[in-house]
Amino acid sequence: MIVAQYLTKQLAAWGVKRIYGVAGDGIFAWLDALGKQTEIQYISCRHEAAAAMMASAEAKLTGKPGVCTATMGPGFVHLLNGLADAHTDRAPVIAITGQVETHKLGGTYKQFVAQEDMIRPISVYQATVSHPDAVGEVLHRAFVSAAQQKGVAHLAICKDVFAQKTKAAVLPQMPRIPRVLGDRMEIESAAEQIMRAKAPLILMGTGARPAAAMCLRLAEQLGAGILLSLGAKGAIDESHRLVLGGLGEGGSEAALQALEKADLLVILGASWFPQEFIPKQLPIIQVDHAAASMHAHARLLPVTADLLDVLPLWSQRLKARTPGDAWEKSVETWHARFLAEPAGSSQSQSLAEAVRPEVLMHTLGQVVADDAIVVLDTGEHTIWFNRVFRASRQWPLFSGKWRTMGFALPAAISAKLAFPDRQVVCVTGDGGLQMSLAELMTAAEHQAAITVVVVNNRTLGLEELKMKQEGFQPFGVHLHNPDFALWAKACGADSHVVRAESALEPVLRQALAGNRLTLLDIHCTAPTLIERKKQIPFQAQA
């Protein structure tokens, strides 16, 4: 078979369900092969950056490698933004791009660029395939590298190679990726420190989601307060008596009050956290399967292991520990304050006025499905979501460390394709939406029944806030927006405009119940965020 056919059959054998891409002459032969089969769905995107974001989002949700493709030159370069999101959030993604013909490699030909050199800083594996018989081993190494190291693997395949015959054999399955086995001494030393703690807190990150039940059991045994990163929201119902909200600008006042009194912080599955919100002298235990994710801190005890191996051992040891009732009662008091924070922020404004972002996020939390996937763009609304959205079992999906604008709409499309039976809500700012506005047509084409909530405040809100905080006069941040509802109608989607808080809840409920592609143009107030860092009651880490 030719390379294009081999790629398709091998990817299907390894469980790939979708490939996101944009057509270009560097991959014509492969597109031809994809069009003649039914095992893999090809999602034709409007922009390559969106295709990579879709692959990244799918990988974040499923834990399995997402796949995207583009042609050479500008097509490849456009992928880089979405691939950087996968790289920084450690999502396994395979990018397969076209490259100039083999006899043109290294020359001054149109659309030639040394792709390996450009992608090396944001990838765990990169290779150029210039002979058809090399494709099997290279593809195998790419998948193993991406899955094991949780990152981006990239194959550039020369245009002429796609149409050449290969001797590569289709492998029925990928090799098993083993878990990292922890050091027993590290685990036991950490257990001893936990046993001695009188006022412990637990910070859960995205990596703790698969072990959420065990994390909750540990917290209950300790009487420990639970802090949830944005990626961990919904892993534990925030109505639980031990949950104190988040950490950082999107965190809660209750969390800061608890941190001031704590004598130990146990970090589970969080590869990044705002260290400037953690007390300088607070001892820390961190569990992560990747040593590179460990926090550089003088009072840190690292445990390099899988949470699923560590937590049962700790739970067994803690059966002999007597919980501190006084600390647990304090945690429950802070929990009550945490739950009251949204209510306190939703007063002193007429319901006839434009919608405040904190009211939008709080209301959304009251009407969205318990198991919904809520996809967030980057902006002020993301911080308000973290502060006031009270999650039960929802799954937030976002661009974490890369924080690219324009992520939400493409990611929401792939989330709905991967989980068609779950409610998917896209929450995006007016600035972020306009970076990927064309993908609304992609959603319409694939009949993706998502609800797109647009925070229309006619400014890049977070940038405006930051400029003010740094003493600058906001400039270059105000937006002249199109009629988003009219654009949605042109794409064949439903649309509604909300201009006052009194109309917000009924319109949200109607859209979510409709099970159709729907855009809600929510006219919001100017940014309202108050800097959380100014409320820190302790000396924090630098």
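Helices (H or I, at least four residues) and strands (E, at least two) are taken as DSSP runs and numbered from the N terminus. The structure described here is a predicted model, in which local features need pLDDT of at least 70 and side-chain atom pairs count only at pLDDT 80 or more, while totals for chains, interfaces and linings use all residues. Residues are numbered from 1 along each chain as its sequence is written, and side-chain values use heavy atoms, with hydrogens and water left out.

Most residues other than glycine have a negative phi. R458, however, has a positive phi near 60°. This residue lies in the loop between β15 (451–456) and α17 (461–469). R458 is classed as partly exposed because its relative accessibility is 36%; on this scale, buried means under 20% relative accessible area, exposed over 50%, and partly exposed in between (1.4 Å probe, protein chains only). N515, also not a glycine, has a positive phi of about 55°. The loop that holds N515 runs between α19 (504–514) and β17 (518–523). With a relative accessibility of 55%, N515 counts as exposed.

Leaving out residues up to four places away in sequence, I226 touches I202, M204, L216, A219, I236, L242, V243, L244 and G245, where contact means heavy atoms within 4.5 Å. In soluble globular proteins, nonpolar side chains tend to be buried together.

S414 sits in helix α14 (residues 408–418) and, at 1% relative accessibility, counts as buried. The side chain of S414 reaches the backbone oxygen of M54 at 3.2 Å. Beyond its neighbours within four places in sequence, S414 is in contact with Y20, M54, A57 and E58.

Helix packing comes next. Helix α12 (residues 357–367) packs against helix α13 (residues 380–388) at an angle of about 50°, with their axes 9 Å apart; axes are lines fitted to C-alpha atoms, for helices over the stretch in contact, and angles run from 0 to 180 degrees between N-to-C directions. The angle makes α12 oblique to α13, given that angles under 35 degrees count as roughly parallel, over 145 as roughly antiparallel, 65 to 115 as roughly perpendicular and the rest as oblique. P357, E358, M361 and H362 of α12 make the contact with E380, H381, W384, F385 and V388 of α13.

Helix α1 (residues 3–13) and helix α6 (residues 135–149) pack at about 35°, with their axes 11 Å apart, and their crossing is right-handed.

Finally, L339 belongs to helix α11 (residues 325–345) and is partly exposed, with a relative accessible area of 37%. L339 and R241 are 98 residues apart in sequence and 9.9 Å apart in space, C-alpha to C-alpha.

Terms used:
Polar contact = N/O pair within 3.5 Å; in protein donor to acceptor, adjacent residues only side chain to side chain. Left-handed = near helix turned anticlockwise from the far one by under 90°.
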